[in-house]
Amino acid sequence: MGVALVTGSSRGLGRVIARRLARDGFAVAVNGLHDDADLKTAAEAILAEGGRAAAFAADVTDRRQTGDLVDAVTALLGPIGVLVLNATGPQPEAPLSKVDWPEHLAQLDFFVRSPVLLGHAVLPGMRARGHGRIVHIDSEVADRPPPGRSAYATAKSAQIGLVRAWARELAPDGITVNTVAPGFIPVERHAEVPEAEQERYRASVPAGRLGTPDDVAAAVSFFASEEAGFITGQRLLVDGGRALG
């Protein structure tokens, strides 16, 4: 099946996406910022299920480290055929009057700078092989930004523009570029979200439940597959119909 690099996959959505791609037959490069227990455990869980995986610590907003990451993955597992851009960082909430350019840059580092750096590193190989899959993870917040999330929503909107521009430019090279937009999907970092707030969100979802990481992983799995080879520049909302209003 080839090799998939999933950024930010030591925890949360990324970890479940990595596990799903391993079950699909990919050798998975699990990535996290730090060489810690979470990163090792995520890779070991895949190995325990009989999959192929290795752990790679790297800051995917750093040009040198992204280049080194792609080189290390290629040397150990093989050329990267699937790139899943899932890495994220803190998403602070603040009123517009307190959000200045540095706060916007911090969000753009993850959602635009990181994809650009990783794209530059993997695209020569994908182009040479005439095949590649790039899958972004964005957010429903780009469509329905709540108060206090202006920097995050702006960066996610920029990421969506990147997806569409890349899809148009890379299609002749056999490379598809798509994005998955989850609604609120509880993972470890949402442990402190009050139950009442989760219930209010659930009440706004036509499907009547909160999404799960497996729901998102299934969408990524499809975009990474051979069956999705004629689909590019698309954005798939995984939100239980919430965008319908």
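1. A nonpolar core is a set of buried Ala, Val, Leu, Ile, Met, Phe, Trp, Tyr and Cys residues joined through side-chain atoms within 4.5 Å; buried means under 20% relative accessible area, with a 1.4 Å probe and protein chains only. In this structure the largest such core has 29 residues, and Ile-17, Leu-21, Val-28, Val-84, Val-180 and Val-216 have the most contacts inside it.

2. This is a predicted model, in which local features need pLDDT of at least 70 and side-chain atom pairs count only at pLDDT 80 or more, while totals for chains, interfaces and linings use all residues. Residues are numbered from 1 along each chain, and side-chain values use heavy atoms, without hydrogens and water.

3. Val-28 deserves a look. Apart from neighbours within four places in sequence, its contacts (heavy atoms within 4.5 Å) include Ala-4, Leu-21, Ile-46 and Leu-77. A second, separate core has 28 residues, among them Phe-56, Val-122, Leu-123 and Val-163.

4. Gly-241 counts as buried because its relative accessibility is 19%. Its C-alpha atom is separated by 41 Å from that of Leu-76, 165 residues away along the chain.

5. What lines the largest cavity? The lining includes Thr-7, Phe-110, Phe-111, Lys-156 and Gln-159. A cavity is a set of points on a 1 Å grid over the protein atoms alone where a 1.4 Å probe fits but cannot get out, and lining residues have an atom within 4 Å of a point. About 50 Å³ of space lies in the largest cavity, a volume being the space filled by probe spheres set on the points.

Conventions: Buried means under 20% relative accessible area, exposed over 50%, partly exposed in between (1.4 Å probe, protein chains only). On a 1 Å grid over the protein atoms alone, a cavity is a set of points where a 1.4 Å probe fits but cannot get out, and a pocket is an open set with protein on both sides within 12 Å along at least five of seven lines; lining residues have an atom within 4 Å of a point.
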